[in-house]
Amino acid sequence: MNVSLTNIELTFLGGAREVGRSCVSIKKKNKLILLDAGIHLGKVRGDAYPLEPSDPPNAVFITHAHLDHSGYLPAIISKYQCPEFSTPPTQDLGELLQMDFLKLQREWNIEPPYTSEEVMAVRSHAEDINYMVEINLRGGIRAMLLRSGHILGAAMVRLEVNNHIILYTGDLSTRNTRTQDMADTSLGKVDTLIIESTYAAQSDRHPSFQKVERNFIDSINKALDRGGRVLVPVFAVGRAQEVMLSLEAYIRSGVLTQVPIYIDGMIKKVNEVYRLYWSYLRPTIRRQIRYTRQSPLESDIFFEVYQRKGVNLDEPCIIISTSGMLEGGPVIGYLKQLSDDPKNLICLTGYQVSGTRGRRLQDGEKEIKLSPNGEPVKVDSEIKSFEFSAHADQSGLFRFISKIKGLERVYCIHGEEWKIVEYSERIEKLKKIDAYSPLNGETYLI
Ligand SMILES: [Zn+2]
Ligand SMILES: [Zn+2]
(Lines give C-alpha, C1' and ligand atoms only; values in the text may rest on other atoms or scores of the structure.)
(Ligands and ions follow the chains in the order given, each with its own letter.)
Protein backbone atom coordinates (compact mmCIF):
# COMPACT_ATOMS: atom_id res chain seq x y z
CA MET A 1 0.00 0.00 0.00
CA ASN A 2 1.36 3.40 -0.91
CA VAL A 3 0.88 6.03 1.76
CA SER A 4 1.74 9.06 -0.36
CA LEU A 5 -1.11 10.91 1.41
CA THR A 6 1.32 11.70 4.19
CA ASN A 7 3.32 14.02 1.88
CA ILE A 8 6.51 13.67 3.86
CA GLU A 9 9.62 14.86 2.04
CA LEU A 10 12.73 12.83 2.74
CA THR A 11 15.97 14.41 1.52
CA PHE A 12 19.46 12.94 1.72
CA LEU A 13 21.86 15.78 2.48
CA GLY A 14 24.92 13.61 3.10
CA GLY A 15 26.01 10.03 3.77
CA ALA A 16 24.26 8.66 0.65
CA ARG A 17 26.53 6.19 -1.16
CA GLU A 18 29.40 7.22 1.14
CA VAL A 19 30.54 6.85 4.75
CA GLY A 20 30.70 10.37 6.11
CA ARG A 21 28.72 13.61 6.56
CA SER A 22 25.53 11.74 7.52
CA CYS A 23 22.53 14.07 7.32
CA VAL A 24 18.89 13.44 6.38
CA SER A 25 16.02 15.92 6.42
CA ILE A 26 12.39 15.00 7.05
CA LYS A 27 9.96 17.71 6.03
CA LYS A 28 6.23 17.85 6.62
CA LYS A 29 4.43 21.07 5.69
CA ASN A 30 6.49 23.83 7.28
CA LYS A 31 8.33 21.59 9.76
CA LEU A 32 11.81 20.31 9.00
CA ILE A 33 13.71 17.85 11.21
CA LEU A 34 17.37 17.03 10.63
CA LEU A 35 18.69 13.59 11.49
CA ASP A 36 22.46 13.83 12.16
CA ALA A 37 24.85 16.54 10.99
CA GLY A 38 28.17 14.86 10.23
CA ILE A 39 31.36 15.58 8.37
CA HIS A 40 33.30 13.40 5.91
CA LEU A 41 36.70 12.55 7.37
CA GLY A 42 38.21 11.41 4.07
CA LYS A 43 37.41 14.67 2.26
CA VAL A 44 38.30 18.31 2.76
CA ARG A 45 36.37 21.56 2.70
CA GLY A 46 33.10 21.76 0.71
CA ASP A 47 32.68 18.05 -0.01
CA ALA A 48 33.26 17.22 3.63
CA TYR A 49 30.04 18.89 4.81
CA PRO A 50 26.36 18.03 4.25
CA LEU A 51 24.24 19.91 1.70
CA GLU A 52 22.08 22.77 2.97
CA PRO A 53 18.54 21.87 4.11
CA SER A 54 15.73 23.40 2.00
CA ASP A 55 14.34 25.28 5.03
CA PRO A 56 15.69 26.23 8.44
CA PRO A 57 15.44 23.12 10.65
CA ASN A 58 13.04 23.15 13.61
CA ALA A 59 15.10 20.52 15.41
CA VAL A 60 18.15 18.35 14.89
CA PHE A 61 18.65 14.84 16.30
CA ILE A 62 22.15 13.43 16.74
CA THR A 63 22.31 9.63 16.89
CA HIS A 64 25.82 9.39 18.33
CA ALA A 65 29.02 11.29 18.88
CA HIS A 66 31.19 10.00 16.00
CA LEU A 67 32.15 12.93 13.77
CA ASP A 68 30.55 11.46 10.66
CA HIS A 69 27.25 12.02 12.54
CA SER A 70 27.93 14.95 14.88
CA GLY A 71 30.89 16.82 13.37
CA TYR A 72 28.87 19.51 11.57
CA LEU A 73 26.42 20.16 14.43
CA PRO A 74 28.05 23.39 15.74
CA ALA A 75 27.77 24.95 12.26
CA ILE A 76 24.06 24.03 12.06
CA ILE A 77 23.30 25.34 15.55
CA SER A 78 25.25 28.53 14.96
CA LYS A 79 23.35 29.21 11.73
CA TYR A 80 19.83 28.12 12.70
CA GLN A 81 19.77 28.32 16.53
CA CYS A 82 17.43 25.30 16.66
CA PRO A 83 17.14 22.78 19.52
CA GLU A 84 19.33 19.67 19.42
CA PHE A 85 18.11 16.35 20.86
CA SER A 86 20.41 13.50 21.88
CA THR A 87 21.39 11.35 24.85
CA PRO A 88 23.63 13.04 27.47
CA PRO A 89 26.71 10.86 26.62
CA THR A 90 26.32 11.81 22.94
CA GLN A 91 26.38 15.50 23.85
CA ASP A 92 29.49 15.26 26.03
CA LEU A 93 31.39 12.92 23.71
CA GLY A 94 30.34 14.96 20.65
CA GLU A 95 31.75 18.14 22.18
CA LEU A 96 35.09 16.42 22.87
CA LEU A 97 35.31 15.10 19.31
CA GLN A 98 34.32 18.43 17.74
CA MET A 99 37.02 20.22 19.75
CA ASP A 100 39.56 17.61 18.66
CA PHE A 101 38.43 18.00 15.04
CA LEU A 102 39.13 21.76 15.24
CA LYS A 103 42.64 21.00 16.51
CA LEU A 104 43.29 18.61 13.61
CA GLN A 105 41.94 21.11 11.07
CA ARG A 106 44.38 23.70 12.41
CA GLU A 107 47.26 21.16 12.21
CA TRP A 108 46.36 20.60 8.56
CA ASN A 109 45.99 24.33 7.85
CA ILE A 110 42.36 23.89 6.84
CA GLU A 111 39.79 26.57 7.66
CA PRO A 112 37.37 24.84 10.07
CA PRO A 113 33.61 25.20 9.54
CA TYR A 114 33.10 26.64 13.06
CA THR A 115 34.97 28.02 16.07
CA SER A 116 35.52 26.53 19.53
CA GLU A 117 33.06 29.15 20.87
CA GLU A 118 30.44 27.76 18.50
CA VAL A 119 31.12 24.24 19.79
CA MET A 120 30.53 25.44 23.36
CA ALA A 121 27.37 27.29 22.29
CA VAL A 122 25.72 23.98 21.27
CA ARG A 123 25.16 23.25 24.98
CA SER A 124 22.62 26.03 25.34
CA HIS A 125 20.51 24.43 22.55
CA ALA A 126 20.94 20.81 23.63
CA GLU A 127 18.14 18.86 25.24
CA ASP A 128 18.78 15.56 27.03
CA ILE A 129 16.66 12.63 26.03
CA ASN A 130 16.99 9.08 27.13
CA TYR A 131 16.00 5.88 25.35
CA MET A 132 12.29 5.09 25.09
CA VAL A 133 11.03 8.51 26.20
CA GLU A 134 8.59 10.02 23.72
CA ILE A 135 8.85 13.72 22.94
CA ASN A 136 6.24 15.81 21.18
CA LEU A 137 7.66 18.14 18.53
CA ARG A 138 4.18 19.51 17.66
CA GLY A 139 2.77 19.73 14.14
CA GLY A 140 1.83 16.02 14.38
CA ILE A 141 5.44 14.88 14.93
CA ARG A 142 6.58 12.72 17.83
CA ALA A 143 10.06 11.32 18.36
CA MET A 144 11.77 8.67 20.43
CA LEU A 145 15.34 7.42 20.75
CA LEU A 146 16.05 3.67 20.86
CA ARG A 147 19.33 1.94 21.76
CA SER A 148 21.43 1.23 18.63
CA GLY A 149 24.22 -0.73 20.37
CA HIS A 150 27.02 1.06 18.49
CA ILE A 151 28.85 3.15 21.14
CA LEU A 152 28.07 4.73 24.52
CA GLY A 153 24.78 6.63 24.25
CA ALA A 154 24.21 5.73 20.57
CA ALA A 155 20.60 5.80 19.43
CA MET A 156 18.23 5.20 16.56
CA VAL A 157 15.57 7.86 15.96
CA ARG A 158 11.95 6.79 15.64
CA LEU A 159 9.81 9.58 14.19
CA GLU A 160 6.04 9.42 14.03
CA VAL A 161 4.74 11.88 11.47
CA ASN A 162 0.93 11.82 11.27
CA ASN A 163 0.87 8.07 12.07
CA HIS A 164 3.63 7.29 9.55
CA ILE A 165 6.58 5.72 11.39
CA ILE A 166 10.11 6.44 10.16
CA LEU A 167 13.06 4.68 11.75
CA TYR A 168 16.55 6.09 11.17
CA THR A 169 19.16 3.64 12.48
CA GLY A 170 22.27 5.83 12.65
CA ASP A 171 25.07 3.30 13.16
CA LEU A 172 23.82 -0.09 14.21
CA SER A 173 25.35 -3.02 16.07
CA THR A 174 23.52 -6.34 16.24
CA ARG A 175 25.92 -8.18 18.54
CA ASN A 176 26.89 -7.56 22.14
CA THR A 177 30.33 -6.12 22.76
CA ARG A 178 32.24 -5.64 26.00
CA THR A 179 30.70 -2.21 26.63
CA GLN A 180 27.37 -2.26 24.77
CA ASP A 181 24.25 -4.35 24.48
CA MET A 182 23.17 -4.87 20.87
CA ALA A 183 20.53 -2.68 19.23
CA ASP A 184 16.99 -2.73 20.57
CA THR A 185 14.90 -4.92 18.28
CA SER A 186 11.48 -4.51 19.91
CA LEU A 187 10.55 -2.05 17.21
CA GLY A 188 6.90 -2.76 16.49
CA LYS A 189 5.55 -1.35 13.24
CA VAL A 190 7.75 0.82 11.03
CA ASP A 191 6.65 2.15 7.62
CA THR A 192 9.90 3.66 6.36
CA LEU A 193 13.36 2.51 7.36
CA ILE A 194 16.59 4.44 6.73
CA ILE A 195 19.38 1.99 7.46
CA GLU A 196 23.16 2.09 7.58
CA SER A 197 25.07 -0.20 5.18
CA THR A 198 28.74 0.00 6.23
CA TYR A 199 29.18 -3.80 6.11
CA ALA A 200 26.17 -4.62 3.93
CA ALA A 201 27.96 -6.60 1.21
CA GLN A 202 27.37 -10.34 1.02
CA SER A 203 31.10 -10.81 1.51
CA ASP A 204 30.93 -8.88 4.81
CA ARG A 205 30.72 -11.48 7.52
CA HIS A 206 31.97 -10.60 10.97
CA PRO A 207 33.50 -13.47 12.89
CA SER A 208 32.24 -13.74 16.46
CA PHE A 209 33.52 -11.13 18.86
CA GLN A 210 35.32 -13.79 20.92
CA LYS A 211 37.12 -15.06 17.82
CA VAL A 212 38.25 -11.54 16.88
CA GLU A 213 39.53 -10.96 20.41
CA ARG A 214 41.45 -14.27 20.51
CA ASN A 215 43.07 -13.52 17.16
CA PHE A 216 43.95 -9.99 18.35
CA ILE A 217 45.51 -11.27 21.60
CA ASP A 218 47.42 -14.09 19.81
CA SER A 219 48.86 -11.61 17.31
CA ILE A 220 49.95 -9.26 20.09
CA ASN A 221 51.55 -12.11 22.05
CA LYS A 222 53.52 -13.16 18.93
CA ALA A 223 54.78 -9.61 18.32
CA LEU A 224 55.78 -9.20 22.00
CA ASP A 225 57.56 -12.60 21.96
CA ARG A 226 59.74 -11.52 19.05
CA GLY A 227 60.65 -8.34 20.95
CA GLY A 228 58.30 -6.10 18.99
CA ARG A 229 56.20 -3.15 20.06
CA VAL A 230 52.52 -3.04 19.29
CA LEU A 231 50.73 0.08 18.09
CA VAL A 232 46.92 0.07 18.20
CA PRO A 233 45.43 3.15 16.50
CA VAL A 234 41.86 3.52 17.75
CA PHE A 235 38.84 5.79 17.57
CA ALA A 236 38.83 7.59 20.92
CA VAL A 237 35.16 6.82 21.46
CA GLY A 238 34.04 3.21 21.55
CA ARG A 239 36.88 1.24 20.01
CA ALA A 240 39.49 2.48 22.51
CA GLN A 241 37.38 1.27 25.44
CA GLU A 242 36.58 -2.08 23.78
CA VAL A 243 40.29 -2.68 23.10
CA MET A 244 41.26 -1.65 26.66
CA LEU A 245 38.67 -3.97 28.20
CA SER A 246 39.83 -6.89 26.00
CA LEU A 247 43.46 -6.37 27.05
CA GLU A 248 42.44 -6.01 30.70
CA ALA A 249 40.43 -9.24 30.66
CA TYR A 250 43.14 -11.28 28.90
CA ILE A 251 45.87 -9.97 31.20
CA ARG A 252 43.71 -10.80 34.22
CA SER A 253 43.25 -14.35 32.93
CA GLY A 254 46.99 -14.70 32.26
CA VAL A 255 46.63 -15.28 28.49
CA LEU A 256 48.23 -12.00 27.40
CA THR A 257 51.85 -11.25 28.30
CA GLN A 258 51.90 -8.32 30.71
CA VAL A 259 53.88 -5.40 29.30
CA PRO A 260 53.36 -1.66 29.80
CA ILE A 261 50.18 -0.46 28.07
CA TYR A 262 50.36 3.24 27.22
CA ILE A 263 47.21 5.24 26.57
CA ASP A 264 47.77 8.44 24.60
CA GLY A 265 45.48 11.01 22.97
CA MET A 266 41.96 12.02 23.85
CA ILE A 267 41.04 8.49 25.01
CA LYS A 268 41.80 9.70 28.56
CA LYS A 269 39.14 12.42 28.36
CA VAL A 270 36.67 10.01 26.77
CA ASN A 271 37.24 7.52 29.59
CA GLU A 272 36.16 10.24 32.02
CA VAL A 273 32.84 10.46 30.16
CA TYR A 274 32.56 6.65 30.33
CA ARG A 275 33.07 6.92 34.09
CA LEU A 276 30.33 9.56 34.36
CA TYR A 277 27.80 7.60 32.27
CA TRP A 278 28.60 4.09 33.53
CA SER A 279 24.85 3.41 33.66
CA TYR A 280 24.84 3.35 29.81
CA LEU A 281 27.23 0.37 29.80
CA ARG A 282 26.22 -3.30 29.60
CA PRO A 283 24.83 -4.92 32.75
CA THR A 284 27.90 -7.20 33.16
CA ILE A 285 30.34 -4.31 33.31
CA ARG A 286 27.93 -2.23 35.42
CA ARG A 287 27.94 -5.04 37.98
CA GLN A 288 31.74 -5.30 37.84
CA ILE A 289 32.02 -1.56 38.57
CA ARG A 290 29.53 -1.82 41.45
CA TYR A 291 31.23 -4.80 43.09
CA THR A 292 34.84 -3.63 42.70
CA ARG A 293 34.11 0.09 43.05
CA GLN A 294 36.45 0.62 40.11
CA SER A 295 36.03 0.77 36.35
CA PRO A 296 38.29 -1.71 34.54
CA LEU A 297 39.22 1.25 32.30
CA GLU A 298 41.01 2.66 35.36
CA SER A 299 43.00 -0.51 36.02
CA ASP A 300 46.64 0.04 37.01
CA ILE A 301 47.83 -1.95 33.97
CA PHE A 302 47.23 1.23 31.92
CA PHE A 303 49.65 4.18 31.89
CA GLU A 304 48.18 7.44 30.73
CA VAL A 305 50.75 9.50 28.86
CA TYR A 306 50.78 12.92 27.27
CA GLN A 307 52.47 13.37 23.89
CA ARG A 308 54.73 10.30 24.33
CA LYS A 309 56.33 11.58 27.54
CA GLY A 310 57.50 8.70 29.77
CA VAL A 311 56.98 6.05 27.07
CA ASN A 312 59.82 3.54 26.80
CA LEU A 313 59.80 2.32 23.20
CA ASP A 314 63.05 0.37 23.66
CA GLU A 315 61.16 -2.46 25.36
CA PRO A 316 58.16 -4.54 24.20
CA CYS A 317 54.99 -2.59 24.97
CA ILE A 318 51.50 -1.83 23.70
CA ILE A 319 50.45 1.68 22.71
CA ILE A 320 46.80 2.58 22.29
CA SER A 321 46.47 5.97 20.65
CA THR A 322 44.28 8.18 18.47
CA SER A 323 43.34 8.76 15.72
CA GLY A 324 41.91 5.45 14.51
CA MET A 325 42.51 6.08 10.80
CA LEU A 326 45.93 7.68 11.44
CA GLU A 327 44.78 11.04 10.16
CA GLY A 328 46.36 12.96 13.05
CA GLY A 329 46.87 12.92 16.81
CA PRO A 330 49.72 11.36 18.80
CA VAL A 331 49.52 8.06 16.86
CA ILE A 332 51.43 9.77 14.02
CA GLY A 333 54.48 10.28 16.25
CA TYR A 334 54.42 6.60 17.27
CA LEU A 335 53.98 5.47 13.68
CA LYS A 336 57.04 7.48 12.68
CA GLN A 337 59.14 5.74 15.35
CA LEU A 338 57.80 2.22 14.93
CA SER A 339 56.93 1.74 11.25
CA ASP A 340 60.37 0.70 9.93
CA ASP A 341 60.93 -2.32 12.24
CA PRO A 342 59.48 -5.63 10.97
CA LYS A 343 59.30 -6.93 14.57
CA ASN A 344 56.62 -4.34 15.36
CA LEU A 345 52.90 -4.81 14.81
CA ILE A 346 50.28 -2.21 13.88
CA CYS A 347 46.73 -3.34 14.66
CA LEU A 348 43.97 -1.60 12.68
CA THR A 349 40.82 -2.07 14.70
CA GLY A 350 38.16 -0.10 12.87
CA TYR A 351 36.64 0.76 9.53
CA GLN A 352 39.21 2.65 7.43
CA VAL A 353 37.59 5.24 5.15
CA SER A 354 39.11 5.33 1.65
CA GLY A 355 41.57 8.17 1.25
CA THR A 356 42.84 7.93 4.85
CA ARG A 357 46.35 6.80 5.91
CA GLY A 358 44.82 3.85 7.75
CA ARG A 359 43.22 2.63 4.53
CA ARG A 360 46.48 3.02 2.62
CA LEU A 361 48.28 0.90 5.23
CA GLN A 362 45.46 -1.65 5.08
CA ASP A 363 45.82 -1.75 1.29
CA GLY A 364 49.51 -2.64 1.69
CA GLU A 365 51.22 0.66 0.79
CA LYS A 366 54.84 0.55 1.93
CA GLU A 367 55.52 4.28 2.02
CA ILE A 368 53.29 6.74 3.86
CA LYS A 369 53.49 10.52 4.10
CA LEU A 370 52.91 11.76 7.63
CA SER A 371 52.21 15.37 6.70
CA PRO A 372 51.08 16.95 3.42
CA ASN A 373 54.54 18.28 2.51
CA GLY A 374 56.71 15.83 4.47
CA GLU A 375 58.93 13.03 3.20
CA PRO A 376 57.27 9.59 3.15
CA VAL A 377 58.29 7.07 5.84
CA LYS A 378 58.95 3.38 5.13
CA VAL A 379 56.47 0.86 6.52
CA ASP A 380 58.13 -2.49 7.25
CA SER A 381 56.22 -3.38 10.41
CA GLU A 382 53.49 -6.00 10.30
CA ILE A 383 50.03 -4.55 9.60
CA LYS A 384 46.96 -6.51 10.68
CA SER A 385 43.25 -5.67 10.68
CA PHE A 386 40.85 -6.90 13.34
CA GLU A 387 37.12 -6.81 12.81
CA PHE A 388 36.13 -5.28 16.13
CA SER A 389 33.41 -3.55 14.19
CA ALA A 390 30.57 -1.87 16.06
CA HIS A 391 28.45 -2.15 12.88
CA ALA A 392 26.14 -4.99 11.90
CA ASP A 393 27.27 -7.23 9.01
CA GLN A 394 24.86 -8.25 6.25
CA SER A 395 23.26 -11.11 8.15
CA GLY A 396 22.93 -8.86 11.21
CA LEU A 397 21.25 -6.19 9.10
CA PHE A 398 18.82 -8.75 7.65
CA ARG A 399 18.06 -10.11 11.12
CA PHE A 400 17.33 -6.56 12.22
CA ILE A 401 15.00 -5.88 9.26
CA SER A 402 13.17 -9.15 9.96
CA LYS A 403 12.17 -7.88 13.41
CA ILE A 404 10.23 -4.97 11.90
CA LYS A 405 6.53 -5.29 11.23
CA GLY A 406 4.70 -3.75 8.27
CA LEU A 407 7.78 -2.34 6.55
CA GLU A 408 6.99 -0.65 3.21
CA ARG A 409 10.26 0.83 2.06
CA VAL A 410 13.93 0.92 2.95
CA TYR A 411 16.57 3.52 2.11
CA CYS A 412 20.13 2.24 2.32
CA ILE A 413 22.79 4.81 3.23
CA HIS A 414 26.15 5.09 5.04
CA GLY A 415 28.22 2.68 2.96
CA GLU A 416 30.39 2.37 -0.13
CA GLU A 417 28.33 2.77 -3.30
CA TRP A 418 28.68 -0.82 -4.60
CA LYS A 419 27.71 -2.26 -1.21
CA ILE A 420 24.62 -0.07 -0.97
CA VAL A 421 23.47 -0.96 -4.50
CA GLU A 422 24.06 -4.70 -3.93
CA TYR A 423 22.34 -4.58 -0.53
CA SER A 424 19.23 -2.70 -1.68
CA GLU A 425 18.83 -5.17 -4.57
CA ARG A 426 19.03 -8.08 -2.13
CA ILE A 427 16.44 -6.52 0.17
CA GLU A 428 14.02 -6.17 -2.77
CA LYS A 429 14.67 -9.76 -3.86
CA LEU A 430 14.61 -11.49 -0.49
CA LYS A 431 12.18 -9.36 1.49
CA LYS A 432 9.90 -8.10 -1.31
CA ILE A 433 10.12 -4.58 0.07
CA ASP A 434 10.85 -1.46 -2.01
CA ALA A 435 14.50 -0.64 -1.37
CA TYR A 436 16.42 2.40 -2.60
CA SER A 437 20.05 3.51 -2.96
CA PRO A 438 19.53 7.28 -2.82
CA LEU A 439 22.02 9.91 -3.98
CA ASN A 440 23.01 13.00 -2.02
CA GLY A 441 20.60 15.81 -2.85
CA GLU A 442 17.75 13.45 -3.81
CA THR A 443 14.28 13.99 -2.35
CA TYR A 444 11.64 11.25 -2.00
CA LEU A 445 7.99 11.92 -1.32
CA ILE A 446 6.56 9.28 1.00
ZN1 LIG B 1 29.62 5.62 14.42
ZN1 LIG C 1 28.90 6.38 11.06
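Angles run from 0 to 180 degrees between N-to-C directions, and axes are lines fitted to C-alpha atoms, for helices over the stretch in contact. Residues are numbered from 1 along each chain as its sequence is written, while chains are lettered from A and ligands numbered from 1 in the order in which they are written. Because the model is predicted, local features need pLDDT of at least 70 and side-chain atom pairs count only at pLDDT 80 or more, whereas totals for chains, interfaces and linings use all residues.

The chain is divided into domain 1 (4–203 + 390–445) and domain 2 (209–385), with bounds that come from an automatic or database domain assignment. Taken over C-alpha atoms, the centres of domain 1 and domain 2 are separated by 28 Å. Their contact takes 27 residues from domain 1 and 25 residues from domain 2; two residues are in contact if their C-beta atoms, placed from the backbone, lie within 7 Å. On the side of domain 1 that touches domain 2, the residues divide into twelve nonpolar, nine polar and six charged. In this division Ala, Val, Leu, Ile, Met, Phe, Trp, Tyr, Cys and Pro count as nonpolar, Asp, Glu, Lys and Arg as charged, and the others, Gly among them, as polar.

Two strands pair if DSSP finds at least two bridges between them. Strand E12 (residues 230–233) pairs with strand E16 (residues 345–348) in the parallel sense over two bridges, and Leu231 stands opposite Ile346 in E16.

Within helix H6 lies Met244. Met244 is buried, with 26 other C-beta atoms within 10 Å. A residue is buried if 20 or more other C-beta atoms lie within 10 Å of its own, exposed if 12 or fewer, and partly exposed in between, with C-beta atoms placed from the backbone. Leaving aside residues up to four places away in sequence, Met244 touches Leu297, Phe302 and Ile320. Met244 and Glu298 are 54 residues apart in sequence, yet 9.7 Å apart in space, C-alpha to C-alpha.

A second open sheet has seven strands in the order E7-E8-E9-E10-E11-E20-E21, with mixed pairing. Strand E7 (135–138) and strand E21 (434–436) stand at the edges with a single partner strand each, so one side of each is left without a neighbour in the sheet. From one strand to the next, the twist averages 20°. E7 and strand E8 (residues 141–147) run antiparallel and are joined by three bridges, with Ala143 in E8 as the bridge partner of Ile135. Helix H12 (residues 417–431) lies across strand E20 (409–413) and E21, running at about 175° to E21.

Ala201 is placed in the loop between strand E11 (192–196) and H5. With 18 other C-beta atoms within 10 Å, Ala201 is partly exposed. Its contacts, not counting residues up to four places away in sequence, are Gln394, Lys419 and Glu422. The C-alpha atoms of Ala201 and Val421 are separated by 9.2 Å, although these residues are 220 residues apart along the chain.

Strand E3 (residues 31–35) is mostly covered, with four of its five residues buried. Strand E2 (residues 23–28) pairs with E3 in the antiparallel sense over five bridges, and Ile26 stands opposite Ile33 in E3. These strands, E2 and E3, form a hairpin with two residues between them, and Lys29 in the turn has a positive phi of about 50°. E3 also runs parallel to strand E4 (residues 59–61), joined by three bridges.
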